[in-house]
Amino acid sequence: MNRAFKYGLVAVILILLGYNSIYIEKLSNVKNPMSGKFNSSAFAEKMWTEKLPAKLDSAIDINTLRALVKTDANSAFNRYTHALDIGNYRYTLIKGEGTVEAVNEDDVTITIKAEQPFEAILTTEFVYGNTLRDASGLIDLRDFPNTSDLNDISKALNEIIRQKVVPSFKPYLKPGVKIDFVGAIELNKEHIHFKDLEIVPARIKILP
Amino acid sequence: MHKIIGQTIFIFLACLSFAQCGHKGGAKKEKKIAIVVSTLNNPWFVFLGEQAAKKAKALGYETKLFDSQNNTSTESDHFDNIIVEGYDAILFNPTDADGSIANVKKAKAAGIPVFCMDREINASGVATSQILSDSYSGAVDIGKYFVQQLHKKGNYVEILGMVGDNNTWARSKGFHSVVDNYPGLKMVAQQSADFDRNKAMDVMESILQAHANIDGVFCGNDAMAMGAYQALVSAGKAETVKVFGFDGSDDVVAAIKEGKVTATGMQFPKVIAETAASFADEYIKGKRDLPKKILVAVELVNKNNIGDYIGYGKK
């Protein structure tokens, strides 16, 4: 009995030692040292529901921006656009009214209501990059010394657009439908092209 | 008599000139900035180094350009010399994100600030500032255009740069963050060619022997894109395979114009180099609250906007 107890005790100790000597973790977690420290999805979700709505409400009218860029580009870029990087790309939130021209596989072509109406694209499939993140003006580079966290915020925000926003409006669009839109755009301040402007849709309302 | 007067004048002038030298050296010693570049075998880094030197000179510094030949030991020797020679700052393009840390630490211990250009080191609080291309975001844009150009389906090859360089992985991850969402796109080979044109040509030739049916090639820099393109020309596939690079070098900008290369990510080595030199100047003059890390946007260049660009920048 004593012998069985001894062996049993040794076995328990060995199992305990063995259990505490190894641990199993997903390789992707090991490869990414930041995983677990920053939850980009939760961060983006919170930004989307708590902080972004007010920013979307205060988006500049696309025609006002266009006119100001033509007359005083520096002032327009300084007042209304943001960017985390240094360089020529600038981002801003814009709003306007448009008429759907075509619903394509990857985007929607609209004509924006203006004195001289012009075409633009609502991106529905290829929503990638920093357009929405930087247009919001809500992110301060100094708060994120790790660039991978910054990239993940963009990815998570773009996921929200692709998975929640686009399905909420795209099935209801067809040529001739009028919409009210708020979205994010990228402008290259050295070479400003409003032709074929790509808009990341953040809020689309179908007008009666 | 004339001889004595001549000798006296000569000695007087010699003394005066020594005194002038002493006065100049003591009161106004010219400050020196060293520029250490990973390799001068790649025109992109030559341009980066030259632009850094040009800006530093314009700011009033004596400069010297060092070539590390993609070797951290050579880089280490350069740092030793720079420390001994008493340089005031180093504008540094690291060879290896991990392997170069020791060299930066060595300079820091000697009281010499280091400003990393384009390539990052994997340590915070060691370099005074790091001025880097936003490679990840640039590669996201290329990935998006890649998927659009290949219509979401086909076989492709990825040629990586140096595996020890963070830019290699930032570009690869940015590219895959888009492309991997499309199951119709299949990566048939992924190999490193060390950012080298000739190696990329060899790598591409080998890959083509195993995978004859490919539709696209994404290369981590423009030198490799040109190497891959040469291999495709030799295999008679240059017309059907789309090649994508990253850098914005002269030859790739020309190749995009000619329809040989599909797109590249335009980096701005002049902006990076000038920002690094300006930061060094500010630091030497006493400023201490410089940003630890700053990103420079990379722009997508393709047939639609090629008219806006020249090699290494904008028109």
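**Close-ups of a two-chain predicted model**

Among contacts in chain A between residues at least 6 apart in sequence, 70% join residues at least 24 apart. Keep that in mind while looking through the views below, and remember that this is a predicted model.

**View 1. Chain A and its run of elements.** Chain A has 7 helices and 6 strands. Reading from the N terminus, the order is α-α-α-β-α-α-β-β-β-α-α-β-β. Of the 208 residues in chain A, 41% are buried.

**View 2. Where chain A meets chain B.** On the chain A side 22 residues take part in the contact, and on the chain B side 27 residues do. Together the two chains bury about 2,100 Å², with carbon and sulfur atoms giving 51% of that area.

**View 3. Polar and charged links across the interface.** Here the rule picks out 14 residue pairs in polar contact between chain A and chain B, both residues at pLDDT 80 or more. Helix 7 of chain A (residues 147–169) gives the most to the side that touches chain B, with 4 residues. Sorted by class, that side of chain A has 6 nonpolar, 8 polar and 8 charged residues. There are also 3 salt bridges across the interface. In one of them B:Lys152 pairs with A:Glu105, and the closest N and O atoms are 2.7 Å apart.

**View 4. A salt bridge from helix to strand in chain A.** Zoom in on A:Arg203 and A:Asp57, whose side chains form a salt bridge at 2.8 Å, N to O. This pair ties together distant parts of the chain: A:Arg203 sits in strand 6 (residues 197–206) and A:Asp57 in helix 3 (residues 40–57), 146 residues apart. Is A:Asp57 buried or exposed? With a relative accessible area of 53%, A:Asp57 is exposed, while A:Arg203, at 34%, is partly exposed.

View 5. The side chains of A:Asp134 and A:Arg133 meet in a salt bridge of 2.7 Å, N to O, and both residues are buried. Over in chain B, B:Asp281 and B:Lys285 form a salt bridge of 3.1 Å, N to O. B:Asp281 counts as buried because its relative accessible area is 8%, whereas B:Lys285, at 63%, is exposed. As for shared partners, salt bridges join A:Glu105, A:Asp106 and B:Lys152 into one network. Over all chains, the structure holds 19 salt bridges.

**View 6. Strands 6 and 7 of chain B.** Strand 6 (residues 154–160) is mostly covered, with 6 of its 7 residues buried. Strand 6 runs parallel to strand 7 (residues 185–192), and 7 bridges join the two. Within this pairing, B:Val157 has B:Ala189 of strand 7 as its bridge partner.

**View 7. Around B:Ser133.** B:Ser133 belongs to strand 5 of chain B (residues 129–133) and, at 5% relative accessibility, counts as buried. Its side chain makes a polar contact of 2.5 Å with the side chain of B:Gln267. Beyond its neighbours within four places in sequence, B:Ser133 touches several residues, including B:Asp118, B:Ile272 and B:Leu295.

**View 8. B:Val46 in helix 2.** Helix 2 of chain B (residues 43–58) holds B:Val46, which is partly exposed at 24% relative accessible area. The C-alpha atoms of B:Val46 and B:Leu65 are separated by 9.7 Å, with the two residues 19 apart along the chain.

Note on methods. Residues numbered from 1 in each chain as written. Chains lettered and ligands numbered in written order. Heavy atoms only, no water. Contact = heavy atoms within 4.5 Å. Buried area = accessible area lost by both parts, 1.4 Å probe. Salt bridge = Lys/Arg side-chain N within 4 Å of Asp/Glu carboxyl O. Polar contact = N/O pair within 3.5 Å; in protein donor to acceptor, adjacent residues only side chain to side chain. Nonpolar A, V, L, I, M, F, W, Y, C, P; charged D, E, K, R; others polar. Buried < 20%, exposed > 50% of the residue type's maximum accessible area, 1.4 Å probe, protein only. Pairing = 2+ DSSP bridges.
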